[in-house]
Amino acid sequence: MLQDGSWGRYHGPHCDRLRDALADFHDTEHVILCSSGTVAVELALRSVKVQPDDEVVLAAYDYKANFANVLTLRATPVLVDTLPGVPVLDPEQLKKAISDRTRAIVCSHLHGCFADVAAIRAVAAERGIPVIEDACQAAGGRLNGKAPGSIGDVGVLSFGGSKLLTAGRGGAVLTNDATLAQRIRLYTQRGNDAYPLSEMQSAVLLPQLQQLPDRTLVRLKRVRQLLSALPADSPLRPALYPDPAENDHDVPAFYKVAFHYDAKKQNGLSREDFSNQARQNGVALDPAFSALHKTHSGRRFKAVGELPNASVLHAELVTLHHPVLLGGTDAIDALVAALGS
Ligand SMILES: *Cc1c(COP(=O)(O)O)cnc(C)c1O
């Protein structure tokens, strides 16, 4: 990039190469690079023509910006419960969420768990509703032999922060539907790209994409080591879905590893205080997301039922951040020791 001077150009070979590489990696026809995963979700919602007063269904436990994006388009989020114990949308509950106003369904793969996109699509297809698959936390995994982000009608990736593919910022929309792709291009192209990913960002991402399959397998190995080393009386119980099988058809991607934290085993210490304590011992543990119905006014959304499973995740879930998973087996031993202290 430095040598060919493309760092200073608006259009250059690195973005083209990244687009091709992502399309190839995901076996998807169209890739639109953009400035963040949050923007990618917004573009995905726009591509399926979410309009004011439409409804968009998503899990009550999901990334906060997905909810905010629906509001940005002046549509109404309809929250459905997750499967029990795991942070992914329940396809059965989804049936009750669908109305004449449903314009899209958003489902996210979170914390090493996979949403059952095929089951969700089966429910959605009866009504011709497009499914947006948020794979921002799942780059590099395999779900039923496919790359996460390539299974929904539209898929979304993030290259932000410390995501599994990162340029500090950035994102992408994936789709096989030429009409949806064209709508996004028309929306973003204003003589210039209004939500660009730069040549520099693409140059940084290209080698990471090559390393991703190997790194995904190393992370999985370390997670298995961690789970087998956790003592039986640990306050942490893994939240995995589906159970990571020993095959290359289903390979979870661990941007975060989710655990249920049992406060009763720690004299009632909150998940926030327990995570703080772990951080002081050098373990990158965080309280997980807040459930959307717990943090937004009831006037902002509709809900299907009382959302008991998402409420449990809200109270109990903590996540381990991924860098330690590339740190070697000693790092996992040290992590388990630090959690016990
Ligand atoms: C990080 C993330 C996003 C948004 O990505 P940014 O690039 O940070 O805007 C969306 N969905 C999920 C599930 C994420 O983890």
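Here is a short walk through this structure, from its strands to its ligand. Keep in mind that the model is predicted.

Let's begin with strand S3, which covers residues 76-80. Is this strand enclosed or open to the outside? A residue counts as buried when its relative accessible area is under 20%. In S3, 5 of the 5 residues are buried, so the strand is largely enclosed by the rest of the structure. In a regular strand, side chains alternate between the two faces of the sheet.

S3 pairs with strand S2 (residues 55-59) in the parallel sense, over 5 bridges. To see one of these links, find valine 56, whose bridge partner in S3 is proline 77.

Now move along to another sheet. This one is open, has 4 strands in the order S8-S9-S12-S10, and shows antiparallel pairing. Its edge strands are S8 (236-238) and S10 (285-287), each of which pairs on one side only. From one strand to the next, the twist averages 40 degrees. Look at S8 and strand S9 (residues 256-261): they run antiparallel and are joined by 3 bridges. For leucine 236, the bridge partner in S9 is tyrosine 261.

Is proline 235 buried or exposed? Its relative accessibility is 11%, and because the cut-off for buried is under 20%, proline 235 counts as buried. Proline 235 and phenylalanine 259 are 24 residues apart in sequence, and their C-alpha atoms are 9.1 Å apart in space.

Finally, turn to the ligand. Which residues surround it? They are Ser36, Gly37, Thr38, Tyr63, Leu110, Asp134, Cys136, Gln137, Ser158, Lys163 and Gly170. This shell divides into 3 nonpolar, 6 polar and 2 charged residues. A polar backbone atom of glycine 37 is 2.7 Å from a ligand oxygen. Glutamine 137 has a polar side-chain atom 3.0 Å from an oxygen atom of the ligand, and lysine 163 has a polar side-chain atom 3.1 Å from a ligand oxygen. How much of the ligand does the protein bury? Taken alone, the ligand exposes 380 Å², and the protein buries 93% of that.

Methods:
Residues numbered from 1 in each chain as written. Predicted model: local features only at pLDDT ≥ 70, side-chain atom pairs only at ≥ 80, totals over all residues. Heavy atoms only, no water. Pairing = 2+ DSSP bridges. Helix = DSSP H or I, 4+ residues; strand = E, 2+ residues; numbered from the N terminus. Axes fitted to C-alpha atoms, helices over the stretch in contact; angles between N-to-C directions. Near = heavy atom within 4 Å. Polar contact = N/O pair within 3.5 Å; in protein donor to acceptor, adjacent residues only side chain to side chain. Areas by Shrake-Rupley, 256 points an atom, 1.4 Å probe, with all protein chains shown as cover. Nonpolar A, V, L, I, M, F, W, Y, C, P; charged D, E, K, R; others polar. Buried < 20%, exposed > 50% of the residue type's maximum accessible area, 1.4 Å probe, protein only.
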